[in-house]
Amino acid sequence: MNQWLVLIAMGIMGSLLQSCSTTRAHQKSEAQQTGMVQKGTGFTASAWRPVSGVTLKNPWKERKLPSAYEVYIIDPVVIKTFFESFKDQPDLLLPFEIPLPESIGLQTFTTKDAGIMSAALREKYPNLYNLSGTTTTNLAHIRLNYDGQYMSGMITYQNKTFLLTSWEATNGSIYYLLYNKHNTNETKTPFENGEKLIQVNE
């Protein structure tokens, strides 16, 4: 009787192991077909810490403060870790969560290498990253830059354009501003000017 129970148990265990193996093989095949790999937690909402009462330099780097903006502090290590996850990973997909202003709220983008830098440029600027991404509903698109020190970005949401940029406070700390492009008088944003500089260098 005990031998029969052992044989039955072994049969059930074998079936479970085969099922798990089949599932893993299917997931691997699916990833190979899409050519994309997703790993890690990405850039989560917890990275954004809103602050108030901060006195920002105005102007800073020849830029004037927008007329309306939201201020956040972000751990530079978190930023660096997120972008460096894409190093030598052209097929990597990672989520990027960002709280858009004007009551839009948290949006999650699936980001990847934008593929705009040549191999020679990557070798010349190893700390420079350019990402792009969309939401699952395709209602919003994001472009992100990182120069090894600061992050910048531009988000289009329906008919609105929001900008993400670093800004120094009078206490010397670096904060991040999120604001509607219409709240600045600049004809070209720092993000757009930076992209133009990259193209010239190339």
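The side chains of Glu102 and Lys160 meet in a salt bridge with an N to O distance of 2.9 Å, a salt bridge being a side-chain nitrogen of Lys or Arg within 4 Å of a carboxyl oxygen of Asp or Glu. Glu102 lies in the loop between β4 (92-100) and β5 (105-113) and Lys160 in strand β9, so the pair ties together parts that are 58 residues apart in sequence. Helices (H or I, at least four residues) and strands (E, at least two) are DSSP runs, numbered from the N terminus.

The structure is a predicted model, in which local features need pLDDT of at least 70 and side-chain atom pairs count only at pLDDT 80 or more, while totals for chains, interfaces and linings use all residues. Residues are numbered from 1 along each chain as its sequence is written, and side-chain values use heavy atoms, with hydrogens and water left out.

Glu102 is partly exposed at 37% relative accessibility, and Lys160 is partly exposed at 30%; here buried means under 20% relative accessible area, exposed over 50%, and partly exposed in between (1.4 Å probe, protein chains only). Asn180, placed in strand β10, is buried at 7% relative accessibility. The side chain of Asn180 is joined to that of Glu102 by a polar contact of 3.0 Å, where a polar contact is a pair of N or O atoms within 3.5 Å and, within protein, one must be able to donate a hydrogen and the other to accept it, residues adjacent in sequence counting only if both atoms are side-chain atoms. Leaving aside residues up to four places away in sequence, Asn180 touches Glu102, Lys160, Thr161 and Phe162, contact meaning heavy atoms within 4.5 Å.

| Lys or Arg residue | Asp or Glu residue | N to O distance |
|---|---|---|
| Lys57 | Glu168 | 3.0 Å |
| Lys160 | Glu102 | 2.9 Å |
| Arg122 | Asp113 | 2.6 Å |

Lys57 and Glu168 form one of these salt bridges, with their closest N and O atoms 3.0 Å apart. Lys57 lies in the loop between β2 (49-50) and β3 and Glu168 in strand β9, so this pair ties together parts that are 111 residues apart in sequence. Lys57 is partly exposed at 31%, whereas Glu168 is buried at 19%.

Strand β10 (residues 174-180) has six of its seven residues buried, so it is largely enclosed by the rest of the structure. Strand β9 (residues 160-168) runs antiparallel to β10 and is joined to it by seven bridges, two strands being paired if DSSP finds at least two bridges between them; within this pairing Ser166 stands opposite Tyr176. β9 and β10 form a hairpin with five residues between them, and Gly172 in the turn has a positive phi of about 90°. Strand β3 (residues 70-73) also pairs with β10 in the antiparallel sense, over three bridges, and Val71 stands opposite Leu177 in β10.

Tyr125 is found in the loop between α3 (119-124) and β6 (129-134) and is partly exposed at 28% relative accessibility. The C-alpha atoms of Tyr125 and Asp147 are separated by 8.5 Å, the two residues being 22 residues apart along the chain.
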